[in-house]
Amino acid sequence: MTSPKLARSPPSTVSAPIIVSSLLTVQTSGSGFTDLTSEIAKFLAEAGAREGAVTLFVRHTSASLTIQENADPAVLHDLTTALDRVAPENAGWRHDTEGPDDMPAHIKTMLTATSLQIPVLKGELALGTWQAIYLIEHRRRPHRREIVLQFAGSTA
Amino acid sequence: MTSPKLARSPPSTVSAPIIVSSLLTVQTSGSGFTDLTSEIAKFLAEAGAREGAVTLFVRHTSASLTIQENADPAVLHDLTTALDRVAPENAGWRHDTEGPDDMPAHIKTMLTATSLQIPVLKGELALGTWQAIYLIEHRRRPHRREIVLQFAGSTA
Amino acid sequence: MTSPKLARSPPSTVSAPIIVSSLLTVQTSGSGFTDLTSEIAKFLAEAGAREGAVTLFVRHTSASLTIQENADPAVLHDLTTALDRVAPENAGWRHDTEGPDDMPAHIKTMLTATSLQIPVLKGELALGTWQAIYLIEHRRRPHRREIVLQFAGSTA
């Protein structure tokens, strides 16, 4: 049925999903990455999540989400460098009343993710071995950031 | 249970979600941002949405979505500048039969969002204070753009 | 009710959604695009999907997803060029133990999509005429990539 380079497992089905919502507050310590993976796993455990998906939504325009390698910290350093090169400070931005790091923060947010969805299978986040879920703070100073968590699916 | 810099609200749960779908058509007036927030709020009100999430999906490859600051118009101007710098016209693109602004439009679409998900809590979009939902037209000329709206969750 | 440049179709509603999950494995032949559209349509047909949405989630940090033009292969070539310009090899990255194409692959993944959601209406993917769903392999060598597929909605 499928071409040789594609394979697909038999589908598993659940019915009667419920929706569980929660608000996660993260105090960042300035620009950089915060690993949210274990906190989201705790939320799913408390919700009794079995099969479905969890949605993350950042309620800000100068912080965002990404799923990235969790092994070598140099990866996170280089991702920051790459974003700084695409959205440098003092590059002729008109919006500068909130400081030179504000407009670059908006651009970096646009180029990464404000919302993310991760499937949940057998009660576990369906992440790959090397994947972690990160909040990226794009402002230089510490901020209090709010992330809506929402699981939709079946529960134990 | 959580580390000091993280806090999470008690989960709220609803059951028996329904799915409500609609097609939103937007006539753009050429390249730039169209604020869709109030139109999506109207859709949710008509659907009687209470708790769940709304998905937006753009049915085009030269227009896209972003959630960005709604206060200072200079932010949208600078976002356009940033996208133009990453995807300039006349930069040696092979695909040029549809005009010099077409291939940059595809690149800008790839770097922003074709699908977005926003949680809905107590009947309201769970946006932050400064967030608005924008359609970005990347072509120079006006276009008729189609966006699928879909709410999944509980209703009043 | 709506402004002249916006129009919205009457909402259609379904109840009692189910969730169908499957794992798609793709053997890539090195860097480039693999069109997943027909395989996802097969998954939806086998699941008896009617109305809802399908989520795709890539379980890797050096391969990602995009929805792009399916007509002119030059578009895919130019998208690759654009990503190479934003994330070139040998650009002073600290993370280089896995080869010069590894850190650029992580950056390209961050700038495109790890998760995507596509509405399903009347049993069909609600894609536009020119849209296809692509897996982008960012590493030079062939890799075996896993993508979680999940449909949530009503079934026949």
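**View 1. C:Arg8 forms a salt bridge with B:Glu39, with 3.1 Å between the closest N and O atoms.** A salt bridge here is a side-chain nitrogen of Lys or Arg within 4 Å of a carboxyl oxygen of Asp or Glu. The count between chain B and chain C is 2 salt bridges. The structure is a predicted model: local features need pLDDT of at least 70, side-chain atom pairs count only at pLDDT 80 or more, and totals for chains, interfaces and linings use all residues. Residues are numbered from 1 along each chain as its sequence is written, chains are lettered from A and ligands numbered from 1 in the order in which they are written, and side-chain values use heavy atoms, with hydrogens and water left out.

**View 2. Chain B meets chain C through 41 residues of chain B and 49 residues of chain C.** Contact means heavy atoms within 4.5 Å. The two chains bury about 3700 Å² between them, 57% of it on carbon and sulfur atoms. Buried area is the accessible area (1.4 Å probe) that two parts lose on being put together, summed over both. Which three residues supply more than any other three of the area that chain B buries against chain C? They are B:Ile19, B:Phe57 and B:Met110, with 18%. Between chain B and chain C, 22 residue pairs are in polar contact, both residues at pLDDT 80 or more. A polar contact is a pair of N or O atoms within 3.5 Å; within protein, one must be able to donate a hydrogen and the other to accept it, and residues adjacent in sequence count only if both atoms are side-chain atoms.

**View 3. Several elements of chain B build the side that touches chain C.** Those that give two or more residues are β3 (18-27), α1 (37-47), β5 (49-58), α3 (102-111), β7 (115-121) and β10 (144-155) of chain B. The largest share, 10 residues, comes from β3(B). Helices (H or I, at least four residues) and strands (E, at least two) are DSSP runs, numbered from the N terminus.

**View 4. A rotation of 120° superposes chain B on chain C.** The shift along the axis is 0.0 Å, and the RMSD is 0.0 Å. Copies are superposed by least squares on the C-alpha atoms of residues with pLDDT of at least 70 in both. Only 10% of the interface residues of chain B are also interface residues in chain C, so the copies meet through different surfaces. Chain C can likewise be laid on chain A by a turn of 120° and a shift of 0.0 Å along the axis, with an RMSD of 0.0 Å. That is the relation of a three-fold axis.

**View 5. C:Glu39 and A:Arg8 join their side chains in a salt bridge.** The N to O distance is 3.1 Å. Across the interface of chain C and chain A there are 2 salt bridges. The polar contacts there come to 22 residue pairs, both residues at pLDDT 80 or more. On the side of chain C that touches chain A, the elements giving two or more residues include β3 (18-27), α1 (37-47) and β5 (49-58) of chain C. β3(C) gives the most, with 10 residues.

**View 6. Chain C and chain A bury about 3700 Å² between them.** Of this area, 57% lies on carbon and sulfur atoms. The contact takes 41 residues from chain C and 49 residues from chain A. C:Ile19, C:Phe57 and C:Met110 supply 18% of the area that chain C buries against chain A, more than any other three residues.

**View 7. Chain B holds an open sheet of 3 strands in the order β4-β9-β6, with antiparallel pairing.** Two strands pair if DSSP finds at least two bridges between them. The edge strands, β4 (32-35) and β6 (63-69) of chain B, each pair on one side only. The twist averages 35° from one strand to the next. Here 4 bridges join β4(B) to the antiparallel strand β9 (residues 131-137) of chain B. B:Thr34 stands opposite B:Leu135 in β9(B). Helix α2 (residues 73-86) of chain B packs on the sheet and touches β4, β6 and β9 of chain B. The direction of α2 makes about 135° with that of β6(B). Axes are lines fitted to C-alpha atoms, for helices over the stretch in contact, and angles run from 0 to 180 degrees between N-to-C directions.
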